[in-house]
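Welcome! Take a moment to look over the protein below, and then we will walk through some of its charged side chains together.

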Amino acid sequence: MTDSNSPSALQIFPWPAMVAAVKRSADYGTFEAFYASLADSLPLNSPLTRVRVASIIIRNYFPDRSLDSLATRVWRAYGRDDLLTDVMRVMTLEAEPVTARFVVEQLLVLPPGSTFDRARARDYIGATYARFCRDSYRRLLARARYLGFLTGRRKELVVPAIPRPADAFLILLHARLAPTPRIVRVSDILSAPFWQYLGMRSPEEVRSVLRDADAAGIVARYATVDELEQVTTRYSFEEYLSRRVAL
C-alpha cells in the first residue's frame, strides 16, 4: 500500500465517554440540542480534543445527524448496557475500516483463550500504512480492548470469548435486512459483516441464534425451503423495538 492511498492514522478512542454520550443523547428532544452540548459534556481536558472526539461520535453513531440513530433507539427501548455496547461495537467497526479489518482478519480467526502476539498488530499497522506508526498501533490495540476483542494490558493480551450477542444480532437483522416482515436468505445474512462485528466467529453461531429465535416465536420461521436456507421475520423493526423483543 502506498502512502498516497493509505488510510488516515487512527485517532484517540475514549470509549467510556462515547458510550456515555450516546446514553445522554436519549435525553434530548432534537439532534441540534444534543450536538450543541456534546463537546462541552465530554470529560476531556483539551477543548480541541473534545471537538475532535465529538466529531468522531457524530460520524460513528449519528451519521444521519438525527436522534433516530440505531444506538440511541436501542438504548431508549431497552436500557441495557450489554445491548448498547454490542450495537455500538458494530457501528464503530462499520465506520472504522482499519479497525474492522484487524478484528476480522487478525482476532476472530484466533480461538478464545489464545494469547495474542503483538507482532500481528505491528505487522498489520506496517502493511496498512506502508510504515510502522506507533500511535496507530497503540490506538488499534486500545480499540480492540475497549470493544471486547482483547483483554489484558501489559505483559499478555488474550483473545476472550465474547458472550453470545443474540439479542443484538436479532435487532440488527431486523434493522439492516428486514425493516418490514419478509423472508431473508441466510446467505444474505452471512454476506453482511455485522454478525462478525458483533464477535460471532462462525456461520453456525448465526444459525444457533436463528434456531433459538424460531423456537421462541421471535421469528415466524427458520427453515430450508427448496434447498434455500431462510428466515421469515414476524415483526417490523419498529414493532420489534416497541415490543422490546428479546430472547
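**Charged pairs and overall build**

Arg211 counts as partly exposed, because its relative accessibility is 39% (buried means under 20% relative accessible area, exposed over 50%, partly exposed in between, with a 1.4 Å probe and protein chains only). This is a predicted model, in which local features need pLDDT of at least 70 and side-chain atom pairs count only at pLDDT 80 or more, while totals for chains, interfaces and linings use all residues. Residues are numbered from 1 along each chain as its sequence is written, and side-chain values use heavy atoms, with hydrogens and water left out.

**Salt bridges**

- Arg211 pairs with Glu204 in a salt bridge of 2.4 Å, N to O (a side-chain nitrogen of Lys or Arg within 4 Å of a carboxyl oxygen of Asp or Glu).
- Glu204 is partly exposed too, at 41% relative accessibility.
- Arg80 and Asp167 form another salt bridge, at 3.1 Å from N to O.
- Asp167 is buried, with a relative accessible area of 10%, whereas Arg80 is partly exposed at 27%.
- Asp86 and Arg89 also form a salt bridge, their closest N and O atoms being 2.9 Å apart, and both residues are buried.
- A network of salt bridges links Arg59, Glu96 and Arg143.
- The whole structure holds 13 salt bridges.

**The whole chain**

- Of the 247 residues in the protein chain, 47% are buried.
- The C-alpha trace spans about 50 × 45 × 35 Å along its principal axes.
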